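The sequence and the model come next, and the discussion follows them.

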Amino acid sequence: MIEVIAALIRWLALASNMILIGGCVFLAIAGRERAAFDNPWFARLKRTLPWLAITLLLGLLGLLAITTAQVTGNVESAWHPGTWLELLQKTRIGLIWTWRAALALLLLAVALYARLSSRTSWQYALCAIVAALTLAVGSLASHSAAEDLSVLSVLPYMLHIVLASVWAGGLPAFLTLLFATTGKQPDREADRFGIQTLTRFSVMALPVMIAVIVTGVIVTYRMVDTSYAALAATSYGWFLNSKLALLLVILIIAARAHFVWVPLLGRNEDVADAGARGLRRWVTVEVVLASALVLAATFLASAVPAK
């Protein structure tokens, strides 16, 4: 039971961190046009940033408590701050948690500044960078780092999760703008600007997704090596297979969105409406599947590698 709770807490922290990265990248792309700051959807996305940072901090606190219980083998220690402090002072996991929590606090400060600041886009790029650093530090406690704490072993996994966050973490923002832009009675200027932002994100997402696949293959090879039978005989293999199956469906939807539905938005009204309907329906499905994929990844991170 404690493993399931730990996985759910990791999912909460990971999902909020990923959405902060992707959401800030999306806002930085949109903020290249000063007209973006006058749109209600932009203001809504800005307001979520501090709340996501708070959610990340709460997730990290819960992760510290549950990790303490797992390390000590005593569930009661999850409720003892003194035991937490001992873990932080005496273990590498505790040191990594301290770095990540410190960066998460900095991220909250940057998110609050971005929420309250004037009409400039650089703060969203800064927010994305700090969020990426927060997530990257967490990769030092991954299976890749546990096996060999070197640049060659950790960097592919680090790039994999950060790049996945740029894409998957930006999907909620993409969907927010999509519904705002393709509503029943949109403002034509806002509609034009919204379509331009959606197109820019779609263009950026394609090479990012390719890089996610490449780094994922490298990480998987290191974890599986030649133990291919373990993919069907271990919990790690089943979680990995589930993650790959979800990713395949997501990639099909993403490819269809990039090559078919997004280009239709710039066409005449009837054709654009058809593209918008396809995007609204299937990007919603993509967000749900991406959430499930992140959950599968958290269970995968807690399973013993296949090799």
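In what follows, a residue is called buried when its relative accessible area is under 20%, exposed when that area is over 50%, and partly exposed in between, using a 1.4 Å probe and protein chains only. The model is a predicted one, in which local features need pLDDT of at least 70 and side-chain atom pairs count only at pLDDT 80 or more, whereas totals for chains, interfaces and linings use all residues. Residues are numbered from 1 along each chain as its sequence is written, and side-chain values rest on heavy atoms, with hydrogens and water left out.

**Overall make-up**

The protein has 307 residues, of which 49% are buried. Its secondary structure comes to 12 helices and zero strands, where helices (H or I, at least four residues) and strands (E, at least two) are DSSP runs numbered from the N terminus. Helix α5, residues 122-138, has 17 residues and reaches 25 Å from its first C-alpha to its last, close to the 24 Å expected at 1.5 Å a residue; the expected span is 1.5 Å times one less than the number of residues. Because 12 of the 17 residues of α5 are buried, this helix is largely enclosed by the rest of the structure. The buried residues of α5 include Y124, C127 and L135.

**Aromatic pairs**

A pair of aromatic rings is described by the distance of the centres and the angle of the planes. Rings of Phe, Tyr and Trp (its six-membered ring) pair if their centres lie within 6.5 Å, and planes under 30 degrees apart count as stacked, over 60 as edge-to-face and the rest as tilted. By this criterion the structure holds eight aromatic pairs. Two of them are set out here.

| Pair | Centre to centre | Angle between planes | Class |
|---|---|---|---|
| Y113 and W122 | 5.8 Å | 45 degrees | tilted |
| F239 and F299 | 5.4 Å | 20 degrees | stacked |

F239 lies in helix α11 (residues 235-264) and F299 in helix α12 (residues 269-302), so their pair ties together parts that are 60 residues apart in sequence. F239 is partly exposed, with a relative accessible area of 27%. Y113 is likewise partly exposed at 44%, and W122 is partly exposed at 47%. Elsewhere, ring pairs link F26, F37, W41, F42, Y124, F174 and F201 into a cluster.

**Nonpolar surface**

Which residues form a nonpolar patch on the surface? They are L206, I210, V214, I218 and F259, with about 450 Å² of accessible area together. Patches are made of residues with over 30% relative accessible area and no salt bridge, like charges being joined within 9 Å and nonpolar side chains (Val, Leu, Ile, Met, Phe, Trp, Tyr) within 5 Å; the areas come from the Shrake-Rupley method with a 1.4 Å probe, and for residues only the protein chains shown count as cover. Helix α9 (residues 188-224) supplies the largest share of the patch, four residues, whereas F259 lies in helix α11 and counts as exposed at 56% relative accessibility.

**Charged contacts and cysteines**

With a salt bridge taken as a side-chain nitrogen of Lys or Arg within 4 Å of a carboxyl oxygen of Asp or Glu, the count comes to one. It joins the side chains of K90 and E86 at 3.4 Å, N to O. K90 and E86 are four residues apart in helix α3 (residues 81-90), and are thus separated by about one helical turn. K90 is exposed at 64% relative accessibility, while E86 is partly exposed at 40%.

The structure holds zero disulfides, a disulfide being a pair of cysteine sulfur atoms within 2.5 Å. C24 is buried, with a relative accessible area of 0%, and C127 is buried at 0%.
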